[in-house]
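Please open the structure in a viewer and keep the selection tool at hand.

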Amino acid sequence: MRLLLAEDDHDLVAILKKDLEVAGYAVDLADNGVDAEYLGNEMIYDVAVLDLGLPQRNGIDVLKNWRTAGNHLPVIVLTARNAWHERVDGFKAGADDYLGKPFHVEELLARITALLH
């Protein structure tokens, strides 16, 4: 299974990448929204984990652009923006799931598994 991890917190990326690889995922990284959008459109992924607070292009715009282009890549939004209206905005933009920070890696892995079924 191939996963796109779009996150700009390098400490979090180091932890997540290792845990995702141990769980059996091949992980590609993007630390800004421009690269995330490009990779999500050009590569084949089973799922994307997308931070909303990315530099250069925020995650909501990346997600909206994917959906406008007909890209149905399953997306779990992973963000510190956890107010109810921000979650609603994420779902309206096309998110399949939404996980607020802080979180447990086990919950993220469970959500990825559920999304892929």
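Predicted model: local features only at pLDDT ≥ 70, side-chain atom pairs only at ≥ 80, totals over all residues.

Residues are numbered from 1 along each chain as its sequence is written, and side-chain values use heavy atoms, with hydrogens and water left out.

**The sheet.** Select the strands (DSSP runs of E, at least two residues, numbered from the N terminus). Five strands, in the order β2-β1-β3-β4-β5, form an open sheet with parallel pairing; strands pair if DSSP finds at least two bridges between them.

Next, select β3 and β4, which are joined in the parallel sense over 3 bridges. Alanine 48 stands opposite valine 75 in β4.

**The cores.** A nonpolar core is a set of buried (under 20% relative accessible area, 1.4 Å probe, protein chains only) Ala, Val, Leu, Ile, Met, Phe, Trp, Tyr and Cys residues joined through side-chain atoms within 4.5 Å. Select Leu4, Leu50, Leu63, Trp66, Val75 and Val77: of the 20 residues in the largest core, these touch the most other members. Its elements with two or more residues are β1 (2-6), α2 (33-42), β3 (47-50), α3 (59-68) and β4 (75-79). A second, separate core of 17 residues includes Leu12, Tyr25, Ile76 and Val105.

**Arginine 67.** Finally, select arginine 67, in helix α3 (helices are DSSP runs of H or I, at least four residues). Its side chain reaches the backbone oxygen of asparagine 71 at 2.8 Å and that of leucine 73 at 2.9 Å.

Key. Buried < 20%, exposed > 50% of the residue type's maximum accessible area, 1.4 Å probe, protein only. Polar contact = N/O pair within 3.5 Å; in protein donor to acceptor, adjacent residues only side chain to side chain.
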